[in-house]
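Work through the exercises below with the sequence and the coordinates open. Each task is followed by a solution in steps.

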Amino acid sequence: MSERKYVIGIDFGTDSVRALIVATDNGEEMASAVSPYRRWAEGLYCNPRKNQYRQHPQDYIDSITEAVRDALAKCNGEVVDAIVGLSFDCTASTPVLTDSNGTPLALLDQYSENPDAMFILWKDHTAVEESDKINEVAKSWHADYIKYGGGNHSCEWVWAKMLHSLRVSPELRADAYSWIEHCDWISALLSGDTTPEKVVRSRCAAGHKAMWHSDWGGMPEREFWLEVDPLLDIFDGHLFSKTYTSDIKAGELCREWAERLGLREGIAVGVGAIDCHVGAVGAGVRDNVLVKVMGTSTCDITTAAYDVIGEHTVRGICGQVDGSVLPGRIGFEAGQAAFGDIYAWFKRLLGWSLRSIANMPELEDKILAELTHQAEQLPLTAEDMVAVDWFNGRRSPDDDPLATGCLTNLTLATSAPEIFKALVEATAFGSRAINERLTDEGLRIDTILAVGGISKKSRFVMQTMADVIGVPIRVVRSTQACALGSAMNAAVVAGVHPTVEAAQDAMSSGFDGEYVPNMERHQIYNVLYKRYLAIAYGK
């Protein structure tokens, strides 16, 4: 075997799986491959009008197999033989009901076409009623089970989603025994044992999305769940009390999956984590550094030492969890429920006539480029129109899935580029609101690092973001920060590097750009931002 060692970082995104083969000594990216989810691409099991987004577990199985095999096919045999571990990141909360063997119910013949038996994607908002009930009980309970989740249990999170599935599909109750997050199921599946009581569970997913915390010995007590809904008693004794950080080995690659993927049996399989947290690792997150994972939505991730935050809990974010990002630090998550999705919505809106009347859908792809070009030429004044970015609800600060976006100051003279400019500024204002909540609650942000497609594709969006926030933003060189972060975690669980920080130091991709705020424009944006707060929050 070669002295040089390699690992595979596997990133389960919203639309596809990416496998990245990385050298552990210097982070050289040897090969990568992407495999879209076939059923998802066909729009199966989803209903956007109801905010229902489901993914079939077979899509995950098919796509990880294809992505890993395609990536391996691009490497020589010496590299393949020297792969020592793999680890994962997945969207979250993306849970599924399982039977007593840990099999997702949709993989059983009788439920194979039932969307409620499938993985419920992070952005599914069908469980609003259930999250409201959980929060109602939590706010009157003797123990504050939601305080580490920003004071709220979102409809995007696991308990609300699982209760919703049990309520609306009573036929599932006959076989429902437990639930599992996507990242935990993948590590268990590849390790060869999905028995619910034996799965090595992710601290990241459980702490941010499932109300797990060491203060109450794991999950909230049984009586709490009975008060929410007796249906949740199905899970009593079938879950877990311990969780593990992503520097821990979940198991070893079993023979079945070694043969399926074309890898050696027995290599290390890491504990998975949420994609944005792992993307922050790949970007180089440290204390006082905020990583913005910018795509269809955003996730904002930072860390702090235990004594910085103490017993204080940050209001209105997506949680603070010991070790969820870097072991030995508190990890903080916030984010926007829609970011690039807003630009895509406006493109679809303007492209309707091209698709439906002119029969020229190919021109639709040119809309955003021309909007950007025209918007960049517009003057910036304190009287400009202001938009609010809650087109898919508000995630942070202060979760509200029913919140909606808006455009103000529209007149008969308003142009499409002016609206687009206001939408871009609105997403930047939403980001600034998150930063200010974190700093108001005692965290420090000296540097912002950006990863994700938008950070690479749109100079206009990135410069607007810097001008609005007033802090320099550095763009991470790697286009695959989440997969790279998973590779860093894999290098630790395989014993190549002693800590995640050491893996970061050795395997980081560095940066390929920086956006410095224009302080004159920043002063104007201060005025517009006050109007944004007045419209959005009534401040």
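In helix 5, the buried residues are Val158, Trp159, Ala160, Lys161, Met162, Leu163, His164, Ser165 and Leu166. The model is a predicted one, in which local features need pLDDT of at least 70 and side-chain atom pairs count only at pLDDT 80 or more, while totals for chains, interfaces and linings use all residues. Residues are numbered from 1 along each chain as its sequence is written, and side-chain values use heavy atoms, with hydrogens and water left out.

**Exercise 1.** Decide how far helix 5 is enclosed by the rest of the structure.

Step 1. Buried means under 20% relative accessible area, exposed over 50%, and partly exposed in between (1.4 Å probe, protein chains only). Helices (H or I, at least four residues) and strands (E, at least two) are DSSP runs, numbered from the N terminus.
Step 2. Helix 5 covers residues 158–168, and nine of its 11 residues are buried, so it is largely enclosed.

**Exercise 2.** Describe how helix 16 and helix 19 meet.

Step 1. The axes of helix 16 (residues 459–469) and helix 19 (residues 519–537) come within 7 Å and cross at roughly 70°. Axes are lines fitted to C-alpha atoms, for helices over the stretch in contact, with angles from 0 to 180 degrees between N-to-C directions.
Step 2. Angles of 65 to 115 degrees count as roughly perpendicular, under 35 as roughly parallel, over 145 as roughly antiparallel and the rest as oblique. Helix 16 and helix 19 are therefore roughly perpendicular to each other.
Step 3. With contact taken as heavy atoms within 4.5 Å, Thr464, Asp467, Val468 and Ile469 of helix 16 meet Arg521, His522 and Tyr525 of helix 19.

**Exercise 3.** Locate serine 297 and state whether it is buried or exposed.

Step 1. Serine 297 sits in the loop between strand 12 (289–294) and strand 13 (298–304).
Step 2. Its relative accessibility is 12%, so serine 297 counts as buried.
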